[in-house]
Amino acid sequence: VDISRALETVGLNPHDKRKYRKYSLGMKQRLGIACAIMEEPKLLLLDEPFSALDSFLKEQLLEDMIRQLSDYAGDVIMVSHSRDEIYQFCDRLLILDHGRVIVTGDTKDIFDQPEYREAARLTGCKNITEARKITENSIEVPRWHCTLEMDTPVADDIHAVGIRAHYIEVLAEKPENTKNLIKVTVENVSELPFEWYCFFRVPNGERIWW
C-alpha cells in the first residue's frame with residue numbers, strides 16, 4: 001500500500017510530522033478517507049462526511065473531495081440529508097423514504113422532474129398541492145385557482161404539482177399574457193443574508209411560500 005500516494009490523493013502532505021490531535025477537523029476527515037482508500041476498496045462509503053463541519057469548511061472540503069476523488073478507480077456511495085451536497089457530489093441519486101426506495105436515476109434529472117411527491121419534498125420543493133390533468137399539456141390546480149400549461153405532455157396519472165422558487169417571477173401588475181399566472185396576496189417577506197422567503201395567500205386563503 002502506498003501511504004504517501006493515499007495522503008496526496010486527499011490533499012494531505014505525507015511528510016507532515018504533526019500528531020493527529022493537531023489536525024483540523026477538515027484534515028481529520030481527509031485522513032479518514034485516505035485510510036479507507038489505502039486498502040484499495042472497490043467501494044468507498046461516505047456516511048454524512050460533512051455533517052460536523054461549518055458551512056465554509058464544508059464547501060471547501062466538498063470541492064476538494066470532488067477533485068481528489070475524480071481519479072479514484074472504485075465506486076463512491078455518499079449518504080447525506082443535504083440536497084446541496086448530493087447535487088454537487090453525486091452523478092446518480094437514490095432517494096429513500098422510511099427505508100423504501102422512491103426513485104433512482106440521474107441526479108439532475110430527478111431534481112428537474114422528481115416524479116413522486118416524496119422525491120419532490122426531499123429534493124427541496126416546498127409547495128406541493130393537488131392537481132389533475134385537463135388537456136394533453138395542461139393541468140388544473142384547484143387550491144391555487146389556476147391552470148398551468150406545460151412544455152411537455154402531462155402524465156395521465158398526475159395527482160400533484162410543485163413549483164420550485166427559481167421558476168417563480170413575482171409581478172406587481174397583471175400582465176397581458178395570463179398563461180401560468182397564480183393570483184396571490186403578499187402576506188410577508190422574510191429577508192435572509194443570501195435568500196428571501198416570500199409568503200403568499202391564494203384566493204381560497206391557503207398559505208403558500210417560496
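Histidine 98 is exposed, with a relative accessible area of 81%; exposed means over 50% relative accessible area, buried under 20%, and partly exposed in between (1.4 Å probe, protein chains only). This is a predicted model, in which local features need pLDDT of at least 70 and side-chain atom pairs count only at pLDDT 80 or more, while totals for chains, interfaces and linings use all residues. Residues are numbered from 1 along each chain as its sequence is written, and side-chain values use heavy atoms, with hydrogens and water left out. The chain holds six helices and 12 strands, which are DSSP runs numbered from the N terminus (helices: H or I, at least four residues; strands: E, at least two).

**Overall shape and surface**

- The radius of gyration of the chain is 23 Å, whereas a compact globule of 210 residues would have one near 17 Å. The radius is taken over C-alpha atoms, and the globule rule is 2.2 Å times the number of residues to the power 0.38.
- The C-alpha trace spans about 70 × 35 × 30 Å along its principal axes.
- Of the 210 residues in the chain, 31% are buried.
- Among contacts with a separation of 6 or more, 43% are between residues 24 or more positions apart; a contact means heavy atoms within 4.5 Å.
- The chain has 27 positive and 36 negative charges, and their mean positions are 6 Å apart. Lys and Arg count as positive and Asp and Glu as negative, with His and the chain ends not counted; each charge is placed at NZ of Lys, CZ of Arg, CG of Asp or CD of Glu.

- Most residues other than glycine have a negative phi.
- Histidine 98 has a positive phi of about 55° although it is not a glycine. Histidine 98 lies in the loop between strand 3 (92–97) and strand 4 (100–106).
- Glutamate 48 also has a positive phi, near 50°. Glutamate 48 sits in the loop between strand 1 (43–47) and helix 3 (55–68), and is partly exposed at a relative accessible area of 25%.

- Lysine 133 stands opposite isoleucine 139 in strand 7.
- Strand 7 and strand 8 run antiparallel and are joined by four bridges. Valine 141 has cysteine 146 of strand 8 as its bridge partner.
- The hairpin of strand 7 and strand 8 has four residues between the strands, and histidine 145 in the turn has a positive phi of about 55°.
- In a regular strand the side chains alternate between the two faces of the sheet. In strand 8 (residues 146–149), Cys146 and Leu148 form the covered face, and Thr147 and Glu149 form the uncovered one.

- Asparagine 127 is in the loop between helix 6 (117–122) and strand 5 (128–130), and counts as buried at 7% relative accessibility.
- Leaving aside neighbours within four places in sequence, asparagine 127 is in contact with residues including Trp144, Val161, Ile163, Trp209 and Trp210.
- Glutamate 130 is in strand 5 and counts as partly exposed at 37% relative accessibility.
- Not counting residues up to four places away in sequence, glutamate 130 touches Arg117, Glu140, Val141, Pro142, His159 and Ala160.
- Glutamate 130 and proline 142 are 12 residues apart along the chain, and their C-alpha atoms are separated by 7.3 Å.

- Strand 10 (residues 185–191) and strand 11 (residues 196–201) are an antiparallel pair with six bridges. Four residues link strand 10 to strand 11 in a hairpin, and valine 189 stands opposite cysteine 198 in strand 11.
- Proline 175 is in the loop between strand 9 (160–162) and strand 10, and is partly exposed at 26% relative accessibility.

Key
Pairing = 2+ DSSP bridges.
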